[in-house]
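Try each task before reading its solution.

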Amino acid sequence: MAGAGKDQNSGRLPVLDEMLKGLPQEPIPVESVRIGPFLTVVCLGGAQPRTSQTPPRCGLASTLASHEHGRKNLVSQVGTLEDLSAQELAGYLKSSFPLEASVGLAALNAMLPVPPHCFQETPALDMVIEHGRDEPVAVIGHFPFVERLREEAGELHVLELKTIPGDRPAAQAGEILPRCRTVVLTATVLMNGTYHDMLPLCRQPFTAMMGPSTPASPVLWRYGVDVLAGSTVVNPEECLKAVSQGAGYRDLKESVKKWTWKRKT
């Protein structure tokens with residue numbers, strides 16, 4: 001059974017601490033930080049190992065913006081982020097301020113190498129459809145493939161913090177997730193703190209974390225995730241320019257390359 005051996009964690013999960021603890025100890029310089037309306041990108045400086053499948057180290061994350069009254073800056077040390085190390089920026093992932101968390105996850109993703117075989121793996125969506133066909137499926141977050149998945153699943157539940165017609169409130173996750181055979185998570189749960197509630201509920205046979213924010217971190221295997229599916233920046237110059245000009249993920253086109261990493265069972 002695909003879900004065998006999953007930890008059934010509860011309470012305040014240390015998943016972020018574990019991912020950050022596993023980063024290189026030697027400070028890594030930061031070359032560029034761009035925060036667009038839809039995506040945030042962090043590019044590392046210094047001499048980084050490169051091959052045809054591990055390009056210049058840049059990390060992506062969705063931009064979670066929240067205009068909070070009474071706070072001077074939405075990001076600490078704004079304007080001087082390149083003066084911090086990549087590890088210091090990654091620490092922003094634990095911030096309760098959404099924009100800082102976006103920078104933190106992008107920095108973390110820049111430092112996490114993707115194994116070369118992950119670029120040739122079966123696409124994660126195909127795995128989700130295979131496991132979820134004619135079965136109850138839950139999707140946390142709005143993905144562009146929702147309608148395709150709706151055609152294949154026995155029943156589909158889309159959970160969102162900000163719902164649109166057809167969605168279910170995220171607060172109903174405790175009721176819905178335990179009875180679904182397949183769950184798809186957006187990595188934004190790591191930024192907005194909802195992973196504390198969502199990951200312990202992912203005890204069913206198949207759980208995938210998908211989207212450009214997804215970290216290539218095996219730490220997530222221990223918290224019920226079976227498949228990680230994210231994107232690597234392969235053309236930093238084009239990516240930085242596009243993000244700065246308001247690009248969404250689909251606008252990046254040839255600037256990124258998708259990967260899928262399946263947990264060994």
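The exercises below cover a sheet, a disulfide and a pocket.

This is a predicted model: local features need pLDDT of at least 70, side-chain atom pairs count only at pLDDT 80 or more, and totals for chains, interfaces and linings use all residues. Residues are numbered from 1 along each chain as its sequence is written, and side-chain values use heavy atoms, without hydrogens and water.

**Exercise 1.** Find the order of the strands in the open sheet, then its edges.

*Solution.* Strands are DSSP runs of E, at least two residues long, numbered from the N terminus. Two strands pair if DSSP finds at least two bridges between them. The 7 strands run in the order 6-5-4-7-8-9-10, with mixed pairing. Strand 6 (168–169) and strand 10 (256–262) each have a single partner strand, so one side of each lacks a neighbour in the sheet.

Now take one pair. Strand 4 (residues 136–140) and strand 7 (residues 182–186) are parallel, over 4 bridges. Val139 has Val184 in strand 7 as its bridge partner.

**Exercise 2.** Locate the disulfide and give its handedness.

*Solution.* A disulfide is a pair of cysteine sulfur atoms within 2.5 Å. The whole structure has 1. Cys43 and Cys58 form it, with sulfur atoms 2.1 Å apart. The S-S torsion is about 105°, so the disulfide is right-handed. Cys43 lies in strand 2 (residues 39–44) and Cys58 in strand 3 (residues 58–62), 15 residues apart.

**Exercise 3.** Sort the lining of the largest pocket by residue class.

*Solution.* Nonpolar means Ala, Val, Leu, Ile, Met, Phe, Trp, Tyr, Cys and Pro; charged means Asp, Glu, Lys and Arg; the others, Gly among them, are polar. The lining has 25 nonpolar, 15 polar and 6 charged residues.
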